[in-house]
Amino acid sequence: MKKNLAKRFDQLTGLLFFLLVLFVSTVIWTHVANEDIVRSFYYYQLDKIIHLLAGWWVVAILFVKFRLRHNGALFLLICVAVLWEIFEFTFPDVRRMYSEKYVYWLKDTIGDIVADMLGGIVAFQMFSGKK
C-alpha cells in the first residue's frame, strides 16, 4: 500500500512539474515575443504541432502511467484541451488579435482541440497493445 502510494505520488509530481514548466514557459513566451511573432505563429497554424504533441503526451501519461481506460483518458484529454484554450485566451496579444476577427478565434480553437484529439488517438494506437 505504501509503495503504491509513493509510486502514485512520484507520477503526480512529475506530471505537475511538467505542467508548471509548460505554464511558466508559455507565460514567458507571451511576454517576450512581439505581436508579429504571435500573429505569424497562429496565422501559419504552427500551434497545431504543439497541440498534437500535447494530446499524445496527455494520453500517454493517463493511459500508460495511470492505467486509465480509453473513455477516462479521452474525457480528461478533452478537459485539458478546453482548459488550455480558456487559458490561451487570457494572453493579451491573443485576445486582442482574436477580438478583431472572431471567426479566426473560433476556427483556431476548434482546430486546436481536434489536433489534441488526433495526438491522443495516435497515443491510443501506440499504447493499446502494451501492458
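Guide: A crossing of two helices is right-handed if the near helix is turned clockwise from the far one by less than a right angle, and left-handed if it's anticlockwise. Keep that handy; this is a predicted model, and α4 and α6 cross in the right-handed sense.

Visitor: Why is α4 called roughly antiparallel to α6?

Guide: The axes of helix α4 (residues 70–88) and α6 cross at roughly 150° and come within 10 Å. Anything over 145 degrees counts as roughly antiparallel, so α4 gets that label against α6.

Visitor: Which residues of α6 make that contact with α4?

Guide: On the α6 side they include Asp 108, Ile 113, Met 117, Gly 120 and Phe 124, while α4 brings Leu 74, Leu 77, Ile 78 and Glu 85, among others. By class, the contact has nine nonpolar, three polar and five charged residues. Gly 120 is part of it, and Gly counts as polar here.

Visitor: What makes α3 oblique to α6?

Guide: Helix α3 (residues 47–65) and helix α6 (residues 102–127) pack at about 40°, with axes 7 Å apart. Roughly parallel needs an angle under 35 degrees and roughly perpendicular needs 65 to 115, so α3 ends up oblique to α6. The crossing of these two is right-handed, and the contact residues split into 14 nonpolar, five polar and five charged.

Visitor: Where in the chain is confidence lowest, and where is it highest?

Guide: Helix α1 (residues 2–32) is lowest, at a mean pLDDT of 67, and α6 is highest, at 89. The chain averages 79, with 85% of the residues scoring at least 70.

Methods
Residues numbered from 1 in each chain as written. Predicted model: local features only at pLDDT ≥ 70, side-chain atom pairs only at ≥ 80, totals over all residues. Heavy atoms only, no water. Axes fitted to C-alpha atoms, helices over the stretch in contact; angles between N-to-C directions. Helix = DSSP H or I, 4+ residues; strand = E, 2+ residues; numbered from the N terminus. Contact = heavy atoms within 4.5 Å. pLDDT = per-residue confidence, 0-100.
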